[in-house]
Amino acid sequence: MRAPEDGGLPVGEPAQARRPTLAAVARRAGVSTATASRVLNRSAGVSGQVLIKVERAVRELGYVRQRAPSAQRGSGAVCVVVFDDMVHYQADSFYGRLLVGAERAVVRGGRELVVLTALRRSQRASLLRFLCGGHVDGVVMVGMREDDGPARLVRAAGVPVSCVGRPPTAADLPYVDADNRGGAVAAVRHLVAAGRTAPATIAGPKDMIVATDRLAGFQQAMADNGFAARETVFRGDFTAASGEHAMLRLLERSPDTDAVFVASDLMALGALRALRRRGIRVPEDIAVVGFDDDALARRTAPPLTTVRQPVEEMGALAVAGLLTGETGARIVPTTLVVRESA
């Protein structure tokens with residue numbers, strides 16, 4: 001057997017024996033084993049720099065701790081952590097629909113549902129202290145942004161984790177997601193088939209993977225149809241107000257636009273308000289396609305053409321996979337729903 005060169009695991013042992021140890025995590029992070037243990041247990045306060053170092057070591061080594069027998073008795077609860085602020089959480093029905101599906105699966109599994117919101121990094125220590133403290137049997141993380149450190153640390157503490165939405169960097173984290181890219185491609189193809197020659201998009205925030213994937217689908221479809229040179233992208237934050245502001249900017253900078261793919265129905269609602277304020281007819285002058293098939297899509301004026309994603313099913317699949325120990329990715333298909341706006 002050959003000694004490891006990086007303070008990690010011995011070379012040449014069977015796969016099961018080569019699992020990273022807590023001591024290897026501590027060496028990689030440059031801290032004591034006791035300090036690394038405190039980070040994962042949340043049993044004492046640690047500095048932000050130490051947290052970052054241990055988190056990086058966990059990520060690089062792929063460390064997962066085996067839970068002690070006392071921690072395997074089960075708390076009877078599954079926690080859904082939403083990485084968004086409380087205002088948007090309450091305003092966006094996506095989360096309510098997701099929790100409906102999640103709760104059904106939790107109840108079928110004989111457990112209770114706990115819901116937390118956590119957007120700011122300053123909340124991370126207390127969040128991880130709760131999640132790793134034996135209070136929950138598993139965690140579903142929804143909408144992680146540029147950082148999947150919390151998911152890795154929770155899993156490293158021996159708590160099962162699944163995600164709704166593709167994780168930012170951790171390809172080995174199990175997750176459920178809609179075919180965001182394919183849905184955006186279908187939306188643009190519909191607009192082109194209807195004779196639109198100058199499509200634009202209102203995309204979501206740069207730090208959200210779902211926004212990145214929908215924008216990538218728009219860009220792919222634009223390139224496939226020869227529109228890459230005039231690609232026009234404006235951004236919002238998945239709120240109605242941001243969609244309205246983005247639509248007004250788009251009209252000022254690209255007055256020849258005749259179609260808009262909007263990355264969420266809430267932003268599309270705001271875009272429709274802006275067009276109405278400017279006296280622009282939908283779909284005669286500008287066609288609008290949203291994404292989600294939220295209930296509001298049927299109540300807009302005109303009713304919104306949109307990409308339907310099965311949100312309730314995604315919530316149920318994420319919980320079911322968590323409880324059964326499934327791994328890998330589950331991508332659920334999206335469907336274009338054609339109404340009067342495009």
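Student: What makes the meeting of the side chains of E252 and R278 a salt bridge?

Tutor: In this predicted model, the side chains of E252 and R278 meet at 3.9 Å, N to O. A salt bridge requires a side-chain nitrogen of Lys or Arg within 4 Å of a carboxyl oxygen of Asp or Glu, so the pair qualifies as a salt bridge. E252 lies in helix α10 and R278 in the loop between α11 and β9, so the pair ties together parts that are 26 residues apart in sequence.

Student: Why is E252 called exposed, and why is R278 called partly exposed?

Tutor: The relative accessible area of E252 is 57%, and exposed means over 50%, so E252 is exposed. For R278 the value is 43%.

Student: What makes R111 and D137 a salt bridge, and which parts of the chain does the pair tie together?

Tutor: The side chains of R111 and D137 meet at 3.1 Å, N to O, and the rule asks for within 4 Å, so they form a salt bridge. R111 lies in the loop between α5 and β2, while D137 lies in the loop between α6 and β3; the pair therefore ties together parts that are 26 residues apart in sequence.

Student: Why does D137 count as buried, whereas R111 counts as partly exposed?

Tutor: D137 has 16% relative accessibility, and buried means under 20%, so D137 counts as buried. R111 stands at 27%, which falls between the limits of 20% and 50%, so R111 counts as partly exposed.

Student: How many salt bridges does the rule give, and which residues do shared partners join into one network?

Tutor: The count comes to 15 salt bridges. Salt bridges that share partners join D293, R298, R308 and R339 into one network.

Student: How does the reach of helix α5 compare with the span expected at 1.5 Å a residue?

Tutor: Helix α5 covers residues 93-108 and has 16 residues. The helix reaches 23 Å from its first C-alpha to its last, close to the expected 22 Å. Its buried residues include F94, Y95, R97 and L98.

Student: What makes D92 a cap of the N-terminal end of α5?

Tutor: A side-chain oxygen of D92 lies 3.0 Å from the backbone nitrogen of F94. Just after α5, G110 takes a positive phi of about 75°.

Student: How many disulfides does a search of the whole structure find, and why does C79 count as buried?

Tutor: The search finds 0 disulfides. C79 has 0% relative accessibility, and buried means under 20%, so C79 counts as buried. C163, at 1%, also counts as buried.

Student: Why is S341 called buried, and which residues is S341 in contact with?

Tutor: S341 has a relative accessible area of 0%, and the cut-off is under 20%, so S341 is buried. S341 is found in the segment after β12. Leaving aside neighbours within four places in sequence, its contacts include V282, P283, L304 and T305. A polar atom of the S341 side chain lies 2.8 Å from the backbone nitrogen of T305.

Terms used. Residues numbered from 1 in each chain as written. Predicted model: local features only at pLDDT ≥ 70, side-chain atom pairs only at ≥ 80, totals over all residues. Heavy atoms only, no water. Helix = DSSP H or I, 4+ residues; strand = E, 2+ residues; numbered from the N terminus. Expected span 1.5 Å × (residues − 1). Buried < 20%, exposed > 50% of the residue type's maximum accessible area, 1.4 Å probe, protein only. Polar contact = N/O pair within 3.5 Å; in protein donor to acceptor, adjacent residues only side chain to side chain. Disulfide = S-S within 2.5 Å. Contact = heavy atoms within 4.5 Å.
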